[in-house]
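Good morning, and thank you for making time for this. Please have the sequence and the model open side by side while I talk.

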Amino acid sequence: GNFVFVAARIGLSSKGTSTGSVDISGAPFAGAVVSGGGGGTGGPLYWASFNTTGPGVITNYASTFTPFAANTTAITSMTNANFNNDTSLYFSCTYYV
C-alpha cells in the first residue's frame with residue numbers, strides 16, 4: 001500500500017544554536033505532495049521540557065516531519081527557542097507516499 005505509519009522518540013542532550021523552523025529528517029519514505037499541504041499528520045504521544053505547551057501537530061512534507069507549537073492564539077512552526085537542552089519528544093505520524 002501507500003500508507004506509512006511512523007513512531008519516533010527524540011531526546012536532546014544539547015539543543016545547539018540552530019535558527020529557523022525545526023524539521024526532523026529521516027522519514028522512511030518521502031511523503032506524497034498533495035494539494036493544500038503535506039501528505040500526512042500526527043501528534044505527540046509524550047513531551048517534556050519544552051519552552052511552550054509542547055507540539056500540537058506534526059506534519060510530513062517530502063521526507064521531513066515538522067512540529068508545530070499549539071498556543072492560545074495560533075499554531076506556529078517550532079524553533080530552537082521552543083526547546084531546552086533536555087527536551088524529550090515521542091510522536092507518531094501517518095502519511096501517504
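Predicted model: local features only at pLDDT ≥ 70, side-chain atom pairs only at ≥ 80, totals over all residues.

**Aromatic pairs, core and surface**

Both F50 and F83 are buried, where buried means under 20% relative accessible area, exposed means over 50%, and partly exposed is in between, with a 1.4 Å probe and protein chains only. Residues are numbered from 1 along each chain as its sequence is written, and side-chain values use heavy atoms, with hydrogens and water left out.

Let me set out the overall fold. The chain has seven strands and zero helices, helices being DSSP runs of H or I with at least four residues and strands runs of E with at least two, numbered from the N terminus. Buried residues account for 32% of the 97 residues in the chain. If we take the contacts (heavy atoms within 4.5 Å) with a separation of 6 or more, 73% of them are between residues 24 or more positions apart.

Now to the aromatic rings. Rings of Phe, Tyr and Trp, the last by its six-membered ring, pair if their centres lie within 6.5 Å, and planes under 30 degrees apart count as stacked, over 60 as edge-to-face and the rest as tilted. The count by this rule is five aromatic pairs. One of them joins F3 and Y96, a tilted pair at 5.1 Å centre to centre, with 55 degrees between the planes. Because F3 lies in strand β1 (residues 3–11) and Y96 in strand β7 (residues 83–96), this pair ties together parts that are 93 residues apart in sequence. F3 counts as exposed, at 51% relative accessibility, and Y96 as partly exposed, at 42%. The rings of F50 and F83 have their centres 5.1 Å apart and their planes at 55 degrees, so that pair is tilted. It links distant parts of the chain, with F50 in strand β3 and F83 in strand β7, 33 residues apart. F65, F91 and Y95, for their part, form one aromatic cluster.

Which residues have the most contacts inside the largest nonpolar core? They are I24, F65, M78, F91 and Y95, in a core of 15 residues, a nonpolar core being a set of buried Ala, Val, Leu, Ile, Met, Phe, Trp, Tyr and Cys residues joined through side-chain atoms within 4.5 Å. Strands β1, β5 (64–70) and β7 each supply at least two residues of this core, and the largest share, five residues, comes from β7. I24 touches, leaving aside residues up to four places away in sequence, I10, S63, T64, F65, P67, L89 and F91.

Strand β7 also holds S92, which counts as buried at 15% relative accessibility. Beyond residues up to four places away in sequence, S92 touches F5, V6, A7, G42, G43 and L45.

That brings me to L45, which lies in strand β3 (residues 40–50) and counts as exposed at 60% relative accessibility. Strand β3 is also where S49 is found; the phi of S49 is near 65 degrees, a positive value in a residue other than glycine, and S49 is partly exposed, with a relative accessible area of 28%.
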